[in-house]
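Student: I would like to learn how the labels are given here. Can we go through them one by one?

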Amino acid sequence: MTDAPPKTVVFLHGIRDDDPEGRWLEALDGSLARIGRGSLRGAGFVSIGPSWLEHLAGPEPEVDPGSAPLTYVRGTDEQHRAAAAEYYLRTSALERTIAATGVGAAGVLRAMPEEAHEIAGGLVAGQVLSEVEAYCASSARRNACLRAVLPELPDRGEVVLIAHSLGSVLAADLVYALPPQIELRLLLSVGSPLSLRRLREHLRRARDQFPFERVGAWVNVVGTNDPITGGRGVGQVLPEVLDTYISTPLSRDKVHAATSYLDHEVVARAVNWLFDEDARCVNPGTATDVRLSAGARNVLALTQYALRLEQAMPMGDARIRFGQARRLLLSETADRLREHPDDAAVAARLSHDNSDLLRGTFTPDEATEMLLAMAMGNPVAPYAISYGDEAERSALRAFAHDLGHLASRADCVLGAEHEARDDHRAPVAWRRRAAVLAGVATVVVAPYLALAAAPAGLAGGAGIVAGLAALGPGGMIGGIGTISLLSSLSGAAVLRGLIAGSAEAVEQRVIFLQGLAYAGRDLHEHSLGRRVWPMLLEMEATLTAEHARLAEFSDERAVVLRELQTKCASVRRALDTLARKGLGPAVLDGGEAALPRG
């Protein structure tokens with residue numbers, strides 16, 4: 001009988017103190033005990049704190065020992081996407097666990113207190129940051145530090161890596177060189193200065209994709225009073241990382257101390273999440289007898305967003321009317337679903353909170369596309385009920401959690417949509433919002449694009465679901481989907497849907513596609529952009545050819561020609577803007593400059 005793989009907590013210290021007394025462990029055990037868990041040892045973990053202080057604080061090595069061998073091997077595109085989906089599922093669950101404590105909420109907006117500015121002007125910030133910058137400026141020193149840590153690690157088993165201050169900078173490269181038999185279940189960085197550009201420019205993550213296959217989850221705990229973090233997280237530059245915010249004591253020796261972070265309940269809850277087998281992420285679809293077809297999953301996602309939006313609206317007449325409209329549309333959609341035996345069970349779930357069914361069923365690309373489709377539309381159309389930007393943002397963040405992804409993905413999607421709209425000078429006036437999702441749905445109806453069968457004047461949201469529920473062979477096929485599924489369609493069918501309808505509708509589809517490219521850029525998920533570019537090129541070519549054909553015999557000022565010209569102008573504006581912003585095909589394939597189209 002073989003021994004069970006070991007479980008190890010590894011602490012990576014920062015500068016000037018390698019903590020030989022193990023104060024970090026006492027602090028963490030204390031915070032775990034306060035939430036009723038006990039100690040690391042009691043949970044079956046051994047703890048180690050390898051020292052690399054000699055190579056960090058001593059003179060720069062005369063000879064560069066060379067970089068440590070890389071052990072991380074990126075899988076195929078399919079494997080990498082699957083690993084990314086699992087990563088976001090775990091991190092989303094961690095975010096919910098932390099949020100349930102009532103502290104540590106991500107995205108806290110607050111000013112750093114005056115006392116923290118006084119500390120920042122003293123020895124803490126001055127000496128710490130100067131030594132950190134010396135580390136980042138010397139590849140020989142960095143390589144020596146990394147090679148000092150690696151031999152101290154176990155060669156197999158589960159590992160929790162806790163990295164303080166400069167240790168987080170080391171950890172960001174260490175994950176690419178860990179022994180292959182290690183399962184890194186959690187990387188927990190505290191007091192990290194990685195938000196500073198000059199401290200991360202050397203990192204592999206600055207040029208390589210995130211190693212989803214290697215890292216279980218990465219949580220970064222930010223001290224809002226800590227001058228070394230500047231009160232800033234790292235999610236804005238490393239979007240895979242979950243930032244959470246706490247207050248550390250306002251004193252020179254405690255505001256940045258590892259013990260101040262590890263003594264906090266947020267850290268204890270994050271570590272405790274790993275101890276309980278029941279807290280591991282599982283496929284929620286296995287916990288119910290309801291089986292989801294691709295179409296039914298998308299219907300549930302749309303109705304789930306409508307629920308979150310109603311919950312996010314302030315109390316009052318608008319929310320009452322929104323709820324009544326939502327329930328009417330749910331009833332209509334349920335009737336359609338009941339006509340198809342394969343999806344009849346889903347009909348009874350439409351009015352419920354279906355996060356348990358949805359969580360983990362969307363890949364990162366699909367979740368981004370679904371979030372953008374919801375952000376661009378009105379889920380209770382044809383009813384027009386204003387709900388406001390704040391309710392929309394709150395609902396999208398909750399909806400991202402429902403899909404098993406971080407709330408920050410919703411923030412990124414909203415930013416991408418606004419950027420795309422600004423490019424086209426197309427703000428969302430409420431009178432137009434109800435018509436937006438109808439245009440988007442032309443792009444995202446899946447897996448069969450059957451726009452011609454949609455009822456005339458169909459506005460969007462749940463109405464699209466009701467109108468398209470019966471389309472396609474074998475039962476419920478329609479509903480809101482994602483462009484990830486368009487590979488199953490013929491090119492002609494895709495193009496008919498993309499360019500059909502009014503010039504305004506085509507502009508909305510172009511904005512949708514352009515927003516996907518921006519979201520893919522900001523989330524480092526470039527496969528989205530690689531799919532968007534050829535779609536826009538095909539739209540341009542088809543519209544140009546159609547204009548030439550009709551212009552041969554039509555009146556010079558015919559409305560149909562003006563419509564085609566306006567449509568083509570929207571597409572060309574998108575292509576030109578994407579190329580100017582470095583999102584042409586050469587960059588998407590790893591090159592340095594965008595290629596001209598043509």
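Student: Why is Asp-353 called partly exposed?
Tutor: Its relative accessible area is 38%. Buried means under 20%, exposed means over 50%, and partly exposed lies in between (1.4 Å probe, protein chains only). So Asp-353 counts as partly exposed.

Student: What should I know about the model itself?
Tutor: This is a predicted model: local features need pLDDT of at least 70, side-chain atom pairs count only at pLDDT 80 or more, and totals for chains, interfaces and linings use all residues. Residues are numbered from 1 along each chain as its sequence is written, and side-chain values use heavy atoms, with hydrogens and water left out.

Student: What makes Asp-353 and Arg-308 a salt bridge?
Tutor: A salt bridge needs a side-chain nitrogen of Lys or Arg within 4 Å of a carboxyl oxygen of Asp or Glu. Here the N to O distance is 3.1 Å. The pair passes, so it is called a salt bridge.

Student: Why is this pair said to tie parts together?
Tutor: Asp-353 lies in the loop between α12 (344-347) and α13 (355-358), while Arg-308 is in helix α10 (residues 294-312), so the tied parts are 45 residues apart in sequence. Helices are DSSP runs of H or I with at least four residues, strands are E runs with at least two, and both are numbered from the N terminus.

Student: Is Arg-308 buried or exposed?
Tutor: Arg-308 is buried, because its relative accessible area is 12%.

Student: Which residues does Ala-395 touch, leaving out those up to four places away in sequence?
Tutor: Arg-308 is one of them; the others are Tyr-305, Leu-309 and Ala-312. Contact means heavy atoms within 4.5 Å. Ala-395 sits in helix α15 (residues 389-402). At 0% relative accessibility, Ala-395 counts as buried.

Student: What separates Arg-321 and Asp-317 by about one helical turn?
Tutor: They are four residues apart in helix α11 (residues 317-338). An α-helix has 3.6 residues a turn, so residues three or four places apart point the same way. Arg-321 and Asp-317 also form a salt bridge, with the closest N and O atoms 2.7 Å apart.

Student: How do you know that Glu-419 and Arg-521 link distant parts of the chain?
Tutor: Their salt bridge has its closest N and O atoms 2.7 Å apart. Glu-419 is in helix α16 (residues 407-424) and Arg-521 in helix α20 (residues 503-522), 102 residues apart. Shared partners join Glu-419, Asp-423, Arg-521, Asp-522 and Lys-581 into one network. By this rule, the count of salt bridges comes to 26.

Student: How many disulfides are there?
Tutor: The count is zero. A disulfide is a pair of cysteine sulfur atoms within 2.5 Å. Cys-145 is buried at 0% relative accessibility, and Cys-568 is buried at 6%.

Student: Why is strand β6 called largely enclosed?
Tutor: Five of the five residues of β6 (residues 242-246) are buried, so the rest of the structure largely encloses the strand. Both faces are covered, with Leu-242, Thr-244 and Ile-246 on one side and Asp-243 and Tyr-245 on the other.

Student: What makes β5 and β6 a pair?
Tutor: Strands pair if DSSP finds at least two bridges between them. Five bridges join β5 (residues 218-223) to β6, and the two run parallel. The partner of Val-219 is Leu-242.
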